[in-house]
Amino acid sequence: MSASAASELVQQDWKIGVDIGGTFIDFCALETRSGRVASLKVLTTPDDPGAELMTGLTLLGEREGLDPATITRFVHGTTVGINTVIQRRGVTLALLTNAGFEDVIELARLRMPDVYSLFCSRPEQLIARDMVFGIPARLRADGSEVEPPDLDAVATAVARAKAGAAAGIVVSFLHSWRNDAHEAAVKEEIARIAPELFVFTSCEVWPVIREYERTTTAILNGYVHPRVSGYLAALEEKLLSRGVTAPALLTKSNGGVMNADEGKRSCVQMLLSGTASGVIGAAWLARRAGEKHILTLDIGGTSADFALIIDGEPQFGTGELIGEFPLHIPSVSVSSIGIGGGSIASVDAQGVVRVGPESAGSTPGPACYGRGGMEATVTDAMAVCGWLGHSQMAYGQLQIDVGLARAAVTRLAEKIGRTAEEAAQAILDIAISEMFVEVEKLASRAGVDLREFTLMPFGGGGPMLGAFLAREFKMARVIGPPRPGVVSALGGLVADLRGDFIRTVFTHLSDAAAPQLRAALESLAAEGRGWLARQGHAGAATLNVSADMRYVGQSFEIEVPIQAAWIAENRFGAIEEAFHAMHARLYDFHDPDGAIEIVNLRLSAIGAGPALDLPVDTGEGGKTAQPEREIPVFTGGAFEWIGLYRRDRLRPGSSFAGPAVVAQEDTTFAIPTGTHVEVDRHLNLHLTFAE
């Protein structure tokens with residue numbers, strides 16, 4: 001290597017975001033000193049997790065000259081945890097709880113998963129009933145002790161757990177949110193008599209009132225722990241072997257990041273990392289483009305994920321489903337449905353075409369990938385209709401074989417007496433209608449009018465179907481980011497360090513509660529700052545506070561953002577007003593004379609991520625863009641000859657009209673009839689629809 005080349009490498013500063021989906025692993029890399037951006041997609045290797053990451057780093061080195069030693073920030077999102085739950089490949093666990101409460105996870109909240117379905121049934125629990133052991137021990141609701149834990153019973157339970165091949169134990173006792181002494185004592189005893197077993201207590205995972213929510217969250221953490229911990233250890237080893245010395249950061253369900261050491265224990269925090277980081281990336285892009293209200297549409301190979309960004313900020317909640325189980329930690333609010341590019345179309349016994357939730361994934365993938373897939377998928381339908389197949393996909397890794405797609409769709413078409421094109425259009429219409437139903441639910445729950453929102457489609461499949469979905473909702477606009485296929489990877493790249501902490505206080509909102517609330521807030525603030533310090537953050541910290549509140553007599557509470565100063569200065573009137581306003585916004589009702597309870601105090605400790613920006617294109621491309629060529633596309637009733645545009649040739653100020661296809665390395669934009677498209681200075685596509 002020449003001296004000048006070596007000097008150039010030394011001066012590089014690469015920051016990389018990586019996100020693994022069901023079909024592809026996505027890379028978004030920014031060289032901050034030159035402003036150069038590189039992105040990449042690599043097919044996943046389900047049988048060898050992590051191998052696709054090494055392949056991607058190799059390709060980035062070959063194509064972009066990236067030297068691993070110059071990587072100063074490496075952020076990674078993975079589906080290892082959530083896939084472990086969905087595929088039920090976690091470890092065998094035992095649960096120790098209070099004697100008499102062994103059915104805590106079976107009883108749950110006495111609700112059926114779908115009360116309107118005649119075929120609904122409860123899911124099989126992650127811990128078998130014969131691996132749940134009751135321990136004589138009891139605390140009162142105020143945390144005072146009635147009966148200490150019976151350590152002989154603990155020893156008997158541990159012996160039975162080991163006989164049942166348990167690899168770990170979850171300990172969850174009543175009222176541990178108030179006093180964790182019993183859980184701590186039992187954990188210490190297990191460590192003494194069976195050090196080979198890992199142990200998690202419910203209060204160390206998420207110390208919140210309500211034993212079912214606390215228990216299931218701890219179970220999810222333990223269930224995925226060995227696979228996630230092993231994966232992260234192997235990840236760090238592989239990165240070091242490639243010369244990457246930057247600490248590995250992981251995207252979290254709350255949209256933030258944490259270090260790998262934290263992830264090995266707090267596995268539950270990263271179960272929804274991929275979907276959350278996609279929303280974070282979309283919000284960052286939306287703010288850059290001046291968009292305030294966004295509906296995100298992230299379509300990968302197996303699912304479509306939707307989220308709302310209001311006033312430039314993602315929405316958060318608890319109770320997101322991980323497979324069939326609720327996760328009760330703060331997460332970016334995302335709704336998902338089993339419709340993706342690899343979703344398989346089939347004909348049921350009544351002759352009705354169904355789409356999903358089964359997916360061809362990456363192996364073998366859609367038929368048109370030429371990797372052995374034989375069944376028709378959404379991607380195959382797009383190829384048969386002519387929207388795909390005009391360029392390489394996934395940065396040259398895939399060449400669409402329209403012939404294979406047509407053969408797969410034709411086999412389905414023959415079952416319903418339609419042509420291949422008609423069957424393909426039916427697949428697309430069904431996929432869009434399935435998404436329509438799910439988005440309508442999301443909008444209704446949030447109480448928003450989607451006509452006031454802009455749709456941002458991303459992921460490999462979002463741009464293929466997004467404009468058609470937006471048109472069904474009569475949304476005013478669609479914005480297409482420059483690299484939609486790697487928005488989730490970008491989200492990890494720009495994310496902040498974020499830790500969430502909770503204290504159950506369970507008190508009336510009154511002056512008498514002031515000492516308890518101040519003490520809880522001071523404890524939370526100290527915990528949040530300590531967490532940031534352990535992540536290696538030495539800069540300023542932002543501490544956001546909220547309270548879970550309800551009227552006395554209500555069964556459940558709502559989260560209300562508040563200011564720390566309101567507690568410190570006994571300004572309870574401001575807290576009361578904030579609660580009334582939030583209750584009225586959500587339910588169109590509030591009771592100004594009603595007594596109020598604060599159940600939990602929450603705190604988010606945020607350490608700002610790197611101040612990054614993508615380059616802005618200051619060139620002018622003229623008023624009308626010219627297509628590369630005309631291509632035949634089946635637009636619903638017949639084939640039309642429409643324009644094919646190359647994304648890398650569109651400049652700021654360019655415009656054109658649909659129907660059209662915009663091809664690029666990471667995805668394809670399908671633009672329907674009656675659409676006007678303009679390109680802004682960030683190279684976003686802005687689609688508007690004719691009235």
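1. Contact here means heavy atoms within 4.5 Å, and it is made by Ala51, Leu53, Met54 and Leu57 of H2 with Leu235, Lys238 and Leu239 of H8. By class, that contact has 6 nonpolar, no polar and 1 charged residues. For the classes, Ala, Val, Leu, Ile, Met, Phe, Trp, Tyr, Cys and Pro count as nonpolar, Asp, Glu, Lys and Arg as charged, and the others, Gly among them, as polar.

2. A word on what you're looking at: this is a predicted model, where local features need pLDDT of at least 70, side-chain atom pairs count only at pLDDT 80 or more, and totals for chains, interfaces and linings use all residues. Residues are numbered from 1 along each chain as its sequence is written, and side-chain values use heavy atoms, with hydrogens and water left out.

3. Axes are lines fitted to C-alpha atoms, for helices over the stretch in contact, and angles run from 0 to 180 degrees between N-to-C directions.

4. Now try H5 (residues 151-163) and H6 (residues 181-193), which pack at about 55° with their axes 10 Å apart. That makes H5 and H6 oblique to each other, and their crossing is right-handed. On the H5 side you'll find Leu151, Val154, Ala155 and Val158, meeting Val186, Glu189, Ile190 and Ile193 in H6. Sorted by class, this contact of H5 with H6 has 7 nonpolar, no polar and 1 charged residues.

5. Next, look at H18 (residues 572-587): its 16 residues reach 22 Å from first C-alpha to last, close to the 22 Å expected at 1.5 Å a residue (the expected span is 1.5 Å times one less than the number of residues). Which residues of H18 are buried? They are Phe572, Ala574, Ile575, Ala578, Phe579, His580, Met582 and His583, where buried means under 20% relative accessible area, exposed over 50% and partly exposed in between, using a 1.4 Å probe and protein chains only. The buried residues pack against helices H16 (514-534) and H17 (564-568), plus strands E28 (541-551), E29 (558-562) and E30 (596-607). Just after H18, Asp588 takes a positive phi of about 60°.

6. Val661 sits in strand E34 (residues 660-663). Why does Val661 count as buried? Because its relative accessibility is 1%. Beyond neighbours within four places in sequence, its contacts include Trp387, Ile631, Tyr645 and Phe669. The C-alpha atoms of Val661 and Ile671 are separated by 6.0 Å, though the two are 10 residues apart along the chain.

7. Finally, some backbone spots to check. The peptide bond from Gly356 to Pro357 is cis, with omega near 0°, and Pro357 lies in strand E22 (residues 353-359). Another cis bond joins Gly658 and Pro659, with omega about 10°. His175 isn't a glycine, yet has a positive phi of about 65°; find it in the loop between strand E9 (168-171) and H6.

Technical notes
Helices (H or I, at least four residues) and strands (E, at least two) are DSSP runs, numbered from the N terminus. Angles under 35 degrees count as roughly parallel, over 145 as roughly antiparallel, 65 to 115 as roughly perpendicular and the rest as oblique. A crossing is left-handed if the near helix is turned anticlockwise from the far one by less than a right angle, and right-handed if clockwise.
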